[in-house]
Structure formats: C-alpha cells, structure tokens
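Subject: Handover of a structure and notes on it

Dear colleague,

Please find below the structure that I am handing over to you. I would ask you to keep it open while you read the notes that come after it.

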Amino acid sequence: MTKYRISKTRFVDQTKNISFTFDGKAYHGFEGDTLASALLSNGVHLVGRSFKYHRPRGIMSCGSEEPNAICQINDNTDLTEPNVRATEIELYDGLRASSQNCWPSLSFDIGGINNLISSFIPAGFYYKTFMWPKGFWKKIYEPLIRMSAGLGKSPTQPDPDIYDHKHEYCDVLVIGGGISGIISAKIAAKNNLKTILIEDKNILGGSTIYQNNKNFIIDNQKSNEWLMNEISELEKLDNLKIKTRTSLAAFHSYNYLLAKENISDHLPLNKKNGSIRQRLWKIRADKVIVATGAIERPLVFHNNDRPGIILANSVKKYLDFYGVATGLNNIIFTNNDSAYESAVSLFEKGISVKIVDIRKKSSSSIVKNAEELGIEIYWHSTVVNTFGYKKIKSIEIMNLSEDGSNVTGNKNKIQCDCLAISGGWTPMVHMHTQSGGKLDFRDIDQVFVPIEKSENHINVGSCNGDFELKEIVKNTNNKVKKFLNINEDSLDKISVLCSKELEKKNIWLLPNTITEGKTKSFIDFQNDSTAKDIKLALREGFKSIEHVKRYTTTGMATDQGKLSNMHALGIIAETAGVKMGTLGTTTFRPPFTPLTFGAIVGRSVGKFFDVMRKTSIHEWHIRNNAKFENVGQWKRPWYYPINNENLHEAVQRESKAARDSAGILDASTLGKIDIQGSDASEFLNRVYTNAWSKLGIGKCRYGLMLNEDGMVYDDGVTTRLGENHYLMTTTTGGAANVLSKLEDYLQTEWPELDVYLTSVTDHYSTASICGPNSKKILKKLFPNKDFSDVAFPHMSYQDAKIDKIECRIMRISFTGELSYEINIESRYGKSLWESCIEAGEEYKITPYGTETMHLLRAEKGFIIVGQDTDGTMTPIDLQMDWIVSKKKYDFIGKRSLYRSDTIREDRKQLVGLLTDDPNEILEEGAQIVSELDKKPVEMIGHVTSSYFSPNLNKSIALAVVKGGKKLKGQKLFIPMENKNINVTVSDFIFLDKENKRINA
Amino acid sequence: MFVINCPYCGERDQSEFSCGGEAHIVRPKQPTELSDDEWAEYLFMRKNIKGVQFERWNHAHGCRKWFNMVRDTSNDKIHAVYKMGEKPPVI
C-alpha cells in the first residue's frame, strides 16, 4: 500500500492491482478506484492548470461537479477524449490519462505568466482589448485567442467506438441511487409498479453508503449498514430494473428523459473491443421521482484554489469509500455541521485534523462528538490566506468580527497538507427545472428548493432540500406514498437518529485584511472567475444574473457552474443589496453532464447517417463508372466518365451525343403521385396555375405549382391516364413536400373533393431517351407500335408492353429533343434499361447524368425549381406568364400574383447571360452589378445556372436580375476576386427557339 | 417531447407528428374580392400566443391525417385534440 492508502474498504478490492499512467508516469491503483482516488492514493494532487491564469489546480471533489481534475484520456488520434473528469473515470488496466491546459508540462507551465499579470486581465478583458486596431484582428488577435482557447485536444480521426440508442418505458423512474432514491424505488417496485432506478456511479448508495458515523442510526443500525441491507433487498425485486453507470442527461416535458449508460468505459482495454461503449436511453415514464441529491459548496476566500484544497465531504468519501487519505495533516474549514463527519472519520483513522468554523458554536451531536474526541476547533474564525504553490502547505486564519463582515485580531499560521472546505449544500434542482419546475429560495440555509406542482414528478431527499437523515427517510417515505397512492409502508414506523444542525451561518465572500482588488477568491475554478470579477461586472453596470454570467464567464465551463452559481448569486445579491431569492437563477439546460457526440448520434453514423435511396438501375450505373450526386436522399448518376475524363469533358461529350444521336437518363427519382377520383381534374385546376379540365385522356401537360404567397413551389409533367386518373410528376427533391401540401389542402380546405393521392415514386422506374435517333430506338424496343407524330404526338402517352411487361411511354421532353420516357414497375427497371442500351447501341446511345441534363435544359431555357428559383420567384418573374391561366377564378397562389409587392417591375427576373468572351464560364451564385465604379456597389442579381454549351460552342448562363425583362441587350458586369467579367443580357432560350427539334 | 393523442391512431410520440401552425384560419372562398391587406391578413398574420393556442397538427409518420389540437405553449399541456371540421372546444 502507498503512504496515502491508509485502510481497506469493501468498495475497493485491494487484491486487484491496476496499472495506469498519468502524464506518462506509471502508477498503481486498485479495482474500484476512480482515476482521482488512485492519483490521490499516490499522493498526486496537482492534476491540471486553470484556464485563464494557468494556476496549478488539484482534485477538488469526488463527482460530476469536479471543476479542476479534467483530463485527456488516451493519446491515440481516434479514441482520445478531452475534458473527462478524473473523479468519474473508473480505473482500468492500461488507462492513459494526461493533464490539460499546460505547456510544456504540468509542473512547469509557461502560461503561468498569466497569473502574474492577472490584474491586467480582468473580466471582460477580451471584449475590451481585442477591439482595436482593426488590422490586428486577423493576424495577431485571432491566432492568439485560438492558441489559448479550448481545453484538451479533439480526436483527429473518426471515433471507432459503437454507440447505441434504446427506447424504454416504465411506470416509475427514479433518478439517483442514494438513500432517498433507494427508498423510493423500493416502495414503487414493491407495489407492482414497473420501476427503473438509475444511478451514475457504478454502485448504489450515494453518500450514505460510507456513512459509518455512530450519530446516524436507522432501525438501530449504522446508516450505511442499514442501507446495504436495503440494497440487497432491492436486487431481489422482479419489477425493478437497476441501471448503474447511467447518468440522466435531460428531463423533457411529458416525462420524456434521456439517460446515458456507460457500458464499456470502465473495462480494461483488451476487453473493450467490439462492445458498445455507451447507450443513450430514451425513457418515457408515467411518474418520475427525482432523487439527485446535493452538491457540497466550497467557501470563497483568498487563494482558495490550491491543490490540496478539497470539499470536506469528498475528503470523507476518499477516506471511507476508497481508503485514501487526501492529507495526513488536515484542516477542515466549514460553516456547517456536515464537515464534522469528515473530521471524526479522519480522527478515528488516526489522522491529524483541526477545524476552523466561521460560527460561534454548534450544539449538535456530531460537533459534540468531535469535541469529545479532542479535535481542536477554531470557532468564529476564517481562513484569510493559503500558501504552497503546487500543493497547500499552510494557511492563515483570523477571528471574525462580531457580525462576520470583517476580520479582527492577529493572523495565526497553521501548517497542513490538506484543507477540507465546506460551505453547506446545494440541492441539485437541475432535473426539476429542466422539466419546467420552478424554485423557491429558502433563507434559513440559503438554498433554492423545488416548488412541487407537477402531478407527474416529485423531488425527494436532499435535492428537495431535506438534508438531515431523519427528514430524508421520513419525508421521502411520505411523499412517495402520496405520489403513488400507496397507504402503508414498512418504513412508516422506522426509527431514525441523527445529528441536528441548529446553528447556521453563511458568508458568501469571506472577509480579509487585504483589499479586495488584490485577492484571488475563486468562484468558478474552471473558468478562473473570482469574486473581484463579479463585483467589477456589477460596477460596470451589469445587473441581470444572466449578463453577469456571460460577462465574467462564471458558470460557463464544462461543469456548468455546479460549484459556482450559488456564490455568484450570493455575491451579486450582497453587492447589489437585494434579496437573493429575487434574483432568480441562471437557466439549467440539458445535458446535466457533458454528453459524447457518439452517444447523441448513436448508430446514425457512416452509411446509417441518412437513408440512401437508389433506383433499381443503380447497379448498372456503378458498373458503368458513374459518379454520383446526392439529390435529397437519392443517389443520382452525375456523369459517366470514360477513361480519365473529368466532369467537364464527360458532360461535353454526353451533351453533344444527346443532341446529335441519342442519350439516356435514369429519371426514376422524379416524384410520382397517382391521383384518382371524380374531382381529380378540378383538384389539378386548383393546385396548378394552368387549366386541366380540357386535357384529353392520354395527353401530358406541364404544370407549375405555387405557394399561397405566389412563389413557384414545384413543377412537373402530369399525364391524364383516364377520365378520373392522373399521374403527376414532381421534382426529385420536392416529391415528399408536394404530396404533403396536396394532402393538406385536400384534408383541410377542400374535404368535399373526391380525390385520392398515392405516392408511387418508388413503384416505377423511368428511362428517358432523347435525341434525334430516339424514335428509332423506341421502334426497336416496341416493334408493334406506331411512333409517327400523328399516332404518337409530343405531350402524349401510350400503354405498351416490353417482353410481356406492361409499361407506359410518355413522349415528353426536358431537353428540347425528341424524347420518350418509359415507366415500368421498378423490379423491371434494370432490364428495361439494359434493353434500351442494347437497342441503342447502333446509335451509340450515351447514358448521361444530372449535370448533362441540367446543361441540356439550360440551352432550352427550362428552369429548375430550386436552382433558378429560390422561393422568391413568381411565374411572372420567370417570364412564364404563358402558364398562368387568366380564366381560372382561383388556384393556389393566384391572389398573391397581384399584390403590391409581386407586381413591382424591379423584381428580380429570369434572363439569359452571354459572356463577351464565349469561353468564359460564369460561376453559379456570382453577383451581378450594372456599375463598377459606384460605391457601395449595388448587387442587382446573381447567376443561377451556368455551363459551357458544346452544342452552341459558347458559354451560356441563366440569371435573375432586377428588372431583367427590360434589360435585354444591356451590358452588365460580374465582379470576381481577380477580374470583372463583361456579360450581355440575352434571351434565356439559347437553342432551337422554334421548338423544331422536338419533332425532328 | 409530448405524447399526442391522434384522433385516428391514439397516443403516439411527438416525433411522429409535425405542427402546421395556427388552426382555424380558413382560406378565403373568393380571394379575388380581397384587398391586399385582407389577403395579407390571411396569408401572413399569425398570433403565436404564449398560452392556450389552437394548432393544426399532422400525423406525418403515421396515418398522415391532419387534426386540430389545443395546446398551452407556455407549458405544453395539451387540452384537447379534435378532428378537422369539428367544432373547437371551449377551453
């Protein structure tokens, strides 16, 4: 055993040695240790440097509130994890941990210079300093701030661990496995309620499990022994599920809670492999019992942050739970009775301990116990300074004045190697407030306690402000019984004895002889904010607690102010002379403790990140070297490079082939909605801008759909399959939204219409063949069909069969070429495609992707909704007046087309742009100006589509330009980073204005 | 995350639903008769109440039916759920 491992306990198995490293140095601990307890057992207190002043810092607590001991775990590039609390890491063989925020080493840290110049970097330093001169920002300030910002190092490689999500339901969820949680869970489970008890530590019992003091007796047993029995009884209950190593992250409305379970973090390296690391539980509970306990408060005095200054109850836990003495020469500095339990524990283990108490006396049994043991107590005194750079060596104490506002008498220097501090307790009301609960301020012991209003959750134990053992047991029992409608319980008559605290005193900021400006009385240890900073913020006019918090960064570190928020509030209240309860608190937001990104995303990584939709022809595209593009969730062939072609070369070849002979496109991803019902025509009349009643059966028509605000929403060709039967196509990305919109109108505005909508996007595959030779290819595929322009004109459809399989042929065109689209049941999509390729071989049929499709339609001036439009374009802006029916009384968006704003003549309107240099290709999104010399230059539009057209042998572009309709022939400019490009406004139809090719 | 009692399917998790904003805004039968201001009133103006609000909801990942819901936006308490076309309850 090491010097500081002074006793055996039932919680640490001292037969199982575990080796680990900290900052590269090898140490030993035992199974059951945390990294913190193992370091302390080796006498290591110094574990990190503070964020701003780089002051040496030591382990301060034993739980999730730890502000100082935050470590980097592992050093590999994929598994390394920053900002992990040493107090929460269960020791395992092979653990490699290191300190953060120091360079070159923890022991010698250059950043420590900040401590010497600290009077020049007060609160708000960054806001005040990095304002000027302007030119300094990019080259000097930003790199400087970036270098000193952040704690720890992020992994640079993807996380190889597996994370999981799981849903869970229960009648009663108990949060917290301390004594009140155990009592609650037992009552619930014994009364046939499906109960879950979650606890963030690896074992149940909270702080009572190591409470072996004779002043705390339940049912004639020491409280820890009584609780041990209760736990073993719990484990026998069938309808109770106990989840240890599980911390509650969030408590949302309707009792929906998120909890993170650590599954393999504590396992030795060689046993972690392949197992799930963490699981996020999504729990819906009928009733929630919050039993999250309380956190001990520090005391705020000059130099209260040295390594070796530890919360008093943590000292007791390290001693009685882990068997580790945090010091051999201890002083306890307190304002309350609970710290005396630590003193008695230390004394009984034969460890030297003295007590400094700010109160004049205390007459409780635990204090009497300490006095009887002969522990020296300095009443009505305060610590005014501490000494020791990397570890505390001594303290100075002074007497308090009568009212406690000042110090009197002489300084008394006392040697020590550990200073245990206790400023009372703060109920952990985070869960209560997260769920929407409100708080009340209790003056007598200066705590915020929950106001119980919800029917679906209650708070029990010390998170409810019950601090004394008797209160905890009795109140928890009564409250839970009432909450769950239970009449009797075995605890009803149980006897509880405990020490009772009668004398209370609290001083948020302890007085000193040194002027305040020269003290370093830390409030937020992790963010290095001091009492001085808070007072400065108040002097500078900040009043709201939320503002003071942000200005001083108090409570904004990874511990989210678990230790600091109350002191900040207290000092603000005192300084501003207001009652503390009236200030309110800062908002407690989830998660309670930091969550890993892994736990949040669960399995939704890599190929499970999003749904990937593939057409039935996808395999063929892969075999033929397609490069893919994401369109919504779809994978669409983008282009099909041959040999080493780049995008441009492939697209030029594909585009030329489609116009010169034949091209083929997989158009299966376009949205398809089957519309049936006796009012189908009327319905289309209302949702499209053009008229539909007179469309003949077997005919196709292009339709434009607006939003009620008059802006273009979607477009596509709809085919009349029968009297009351249509097939609508939508854009690939818009399919789901269009269906939702149509359903909305049908269900809410026009329920009287007899119309049925079915999404059939996935049911049909579509091969689109275009080009002057397309008709010949179709003839080969369907030898019995008459493809003459009379029998099968443009914008019509016919049923057909290929190898006995029914299909639909639409003669429609998005390229301006003679073009056919064949729709077939998806399972035959690939064989249809292969037949088309085979039939087209003699015409060198060329598969083309979305890029070529975009180019070909741009040559014809066809818009793409979402590329040439952005939700602010009306059909009039797009110069598509021809498709807006003047005769129809109403359609979606009609009224908006003549609002004062939509009839403005200077709206952005669709135009074509030709570059003066025909080889210059504009950048899509580039801004357009009419005058170059004007300052500030006015942007009058932007380029929406731009390509080099191989068929026209020049660059073409579509753009939206203010008042563009009237600008034809005008010169405009596109200012780029290194040059200005001259363009001329043109017609946006660049090729075949007479539509001759469609019947070629 | 609420639990919503879909009038067609029963209680389901909120993640199955999408909210369609304020309820009982009827599309004018004769939009052409309206002034710009009257049309804008229908098109843009929504109350966004802190307190009891009547809302449209859609069981998007379920039966895909639209229905109305009365919800207190300050505490997410759901007071009533009723089908489209039914009279709103008095809350």
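This is a predicted model: local features need pLDDT of at least 70, side-chain atom pairs count only at pLDDT 80 or more; totals for chains, interfaces and linings use all residues.

Residues are numbered from 1 along each chain as its sequence is written, chains are lettered from A and ligands numbered from 1 in the order in which they are written, and side-chain values use heavy atoms, with hydrogens and water left out.

**The contact between chain B and chain A**

The contact (heavy atoms within 4.5 Å) takes 27 residues from chain B and 27 residues from chain A. The two chains bury about 2,300 Å² between them, 44% of it on carbon and sulfur atoms; buried area is the accessible area (1.4 Å probe) that two parts lose on being put together, summed over both. On the side of chain B, the residues that lose the most area to chain A are B:Met1, B:Arg27 and B:Arg64, together 30% of what that side buries.

Between the chains there are 6 salt bridges, each a side-chain nitrogen of Lys or Arg within 4 Å of a carboxyl oxygen of Asp or Glu. In one salt bridge, the side chain of B:Arg64 meets that of A:Glu743 (2.8 Å, N to O). Helix H1 (36-44) and strand E6 (77-83) of chain B are the elements that give two or more residues to the side of chain B that touches chain A. Here helices (H or I, at least four residues) and strands (E, at least two) are DSSP runs, numbered from the N terminus. H1(B) gives the largest share, 5 residues.

**Helix H14 of chain A**

Helix H14(A), residues 545-552, is mostly covered, with 6 of its 8 residues buried. Buried means under 20% relative accessible area, exposed over 50%, and partly exposed in between (1.4 Å probe, protein chains only). Among the buried residues are A:Ile545, A:Val548 and A:Tyr551. At the start of H14(A), a side-chain oxygen of A:Ser544 comes to within 3.0 Å of the backbone nitrogen of A:Glu546. After the helix comes A:Thr553, with a positive phi near 60°.

**Strands of chain A**

Strands of a sheet pair through backbone hydrogen bonds, either parallel or antiparallel. Two strands count as paired if DSSP finds at least two bridges between them. Strand E36(A), residues 700-706, is mostly covered, as 5 of its 7 residues are buried. E36(A) is joined by 7 bridges to strand E37(A), residues 712-722, and the two run antiparallel. A:Tyr702 stands opposite A:Val717 in E37(A). The hairpin of these strands has 5 residues between them, and A:Gly710 takes a positive phi near 90° there.

Chain A also has an open sheet of 3 strands in the order E11-E10-E29, with antiparallel pairing. Its edge strands, E11 (221-222) and E29 (496-497), each pair on one side only. In E29(A), A:Leu497 stands opposite A:Ile217.

**One loop residue**

Where does A:Asn456 lie? A:Asn456 is in the loop between strand E27 (447-451) and strand E28 (457-459) of chain A. With a relative accessible area of 36%, A:Asn456 is partly exposed. Leaving aside neighbours within four places in sequence, the residues in contact with A:Asn456 are A:Asn255, A:Asp286, A:Lys287, A:Val288 and A:Phe483.

Yours sincerely

Methods. A polar contact is a pair of N or O atoms within 3.5 Å; within protein, one must be able to donate a hydrogen and the other to accept it, and residues adjacent in sequence count only if both atoms are side-chain atoms.
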